[in-house]
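Good morning, and thank you for coming. Please look at the sequence and the model before we go through a few of its details together.

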Amino acid sequence: MTYDFDKVIDRHGTDCYKWDILKPGELPMWIADMDFEAAPPIRQAMENRVKQGVFGYSFLPDRWYQAYIDWWKTRHGFTMEKDWLIFSTGVIPTMSSVVRKLTTPGEKVVFLTPVYNIFYNSVINNGRIVTESELIRKPDGTYDIDWPDLEARLADPQTTMFFLCNPQNPVGRIWTREELARIGSLAKENHVIVVSDEIHCDLTDPGTAYIPFVSASETCREVSITCLAPTKCFNIAGLHTSAISVPDPYLRQKVDRGLNTDECAEPNAFAVDVAVAAFNECGDWLDQLRAYVAGNKAYVRDFIEKEIPELSVASGPATYLLWIDGRKLKNLGYGKKLQAMAEGSVDGQSHNYGSKAPLADYIRAKTGLFLSNGEQYGKGGSYYLRMNLACPRSFVEDGVQRLKKAVEAWKMEG
């Protein structure tokens, strides 16, 4: 079956966070939420439950565990054990719960930055301290780990946890097996627990694949808690269904008790059925989606290279999010004006709730194109933009034209 990802779905008036907070005429390409219909088997699974008409409490049947085990074995060449798996309502509730259960206030949690902004919430809101190890941006636009810096941060006696984004959001980096194994060794050496967020794992360009952290080495199994979910790659985030894989029995008991204490370990009436349908019946839908998104990425890369040379794309082959470098604009037009007013200097600024985002804010004000500002992703995000390309090509074409218009206006000001 061929799926129509060019189809435009009107999401206005559905209490949609992505669309219904906008001003008239704005185009949202920010939050990581697809504008595509969920795959037919997922919708059918929900319809079957609705027809029954009873929505009481649910438990986890064997088919839920087996769906996860089979998917990771088939897609990623790694076999999980049933006992490792625990249900959770979401990746972020899990990460916040783990922080509360396995660290104490005032201890440090390490991130590789730029990184998903909600990581900061899970740490800061629970009275722990974020310590950022900024990735090295190479001349070809790719990113590497600053190993001496990371080693020093993990060796800090106050560091007890490491949040890994695998693959990395927003830069799209797929970590190698060797890199993951090295992280695991450093973590064990320094008595640090690795919490690996792998929610974007199946959203890689055709011909590429991520490597599960737990599969990299025996050491990685010993020190890791892995957050998994069908919600991002199958566009069902609003259904609140995820899993945690914890090979080590001591850690698993701690995680399980934390989730139960925090009341985020019980599935809703749809959580099991949609996850099973996604993993068992929607592989072809996902492969077609990956190809479509890769086409959107190629389109934007080519447009920026030819039409907006002041920008450049710095994304790797993972996620449906494009990471765009706008640092050249800091010294052009409106950027110079901001610097003269002492309002635009955000270099080196760590994440905080008041982070200035001059470029993203300007683009939205001038053209209605709503992109995620890079500043919110921590060190290394200043004057970057994150663009969501999980949408019909017509949105993409509109978006890049607005982006071009905004950059031209930026250059003319000041």
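Which backbone nitrogen does the side chain of Asp-4 reach at 3.1 Å? That nitrogen belongs to Asp-6. The side chain of Asp-4 also reaches the backbone nitrogen of Lys-7, at 3.4 Å.

Before I continue, a word on the source. This is a predicted model, in which local features need pLDDT of at least 70 and side-chain atom pairs count only at pLDDT 80 or more, while totals for chains, interfaces and linings use all residues. Residues are numbered from 1 along each chain as its sequence is written, and side-chain values use heavy atoms, with hydrogens and water left out.

Let us stay with Asp-4. This residue lies in the segment before β1 (27-29); strands are DSSP runs of E, at least two residues, and helices are runs of H or I, at least four, numbered from the N terminus. Asp-4 counts as exposed because its relative accessibility is 52%; exposed means over 50% relative accessible area, buried under 20%, and partly exposed in between, with a 1.4 Å probe and protein chains only. Although Asp-4 and Gln-288 are 284 residues apart along the chain, their C-alpha atoms are separated by 9.4 Å.

Now consider Asn-169, in the loop between β7 (159-165) and α6 (177-189). Is Asn-169 buried or exposed? At 2% relative accessibility, Asn-169 counts as buried. Its side chain is joined to that of Arg-386 by a polar contact of 3.1 Å; a polar contact is a pair of N or O atoms within 3.5 Å, where, within protein, one must be able to donate a hydrogen and the other to accept it, and residues adjacent in sequence count only if both atoms are side-chain atoms.

Two packed helices are described by the angle between their axes and the distance between the axes. Helix α12 (residues 358-367) packs against helix α13 (residues 393-412) at an angle of about 110°, with their axes 9 Å apart; axes are lines fitted to C-alpha atoms, for helices over the stretch in contact, and angles run from 0 to 180 degrees between N-to-C directions. The two helices, α12 and α13, are therefore roughly perpendicular to each other; angles of 65 to 115 degrees count as such, under 35 as roughly parallel, over 145 as roughly antiparallel and the rest as oblique.

For helix α1 (residues 40-52) and helix α9 (residues 271-281), the angle is about 150° and the axes are 8 Å apart. That makes α1 roughly antiparallel to α9.
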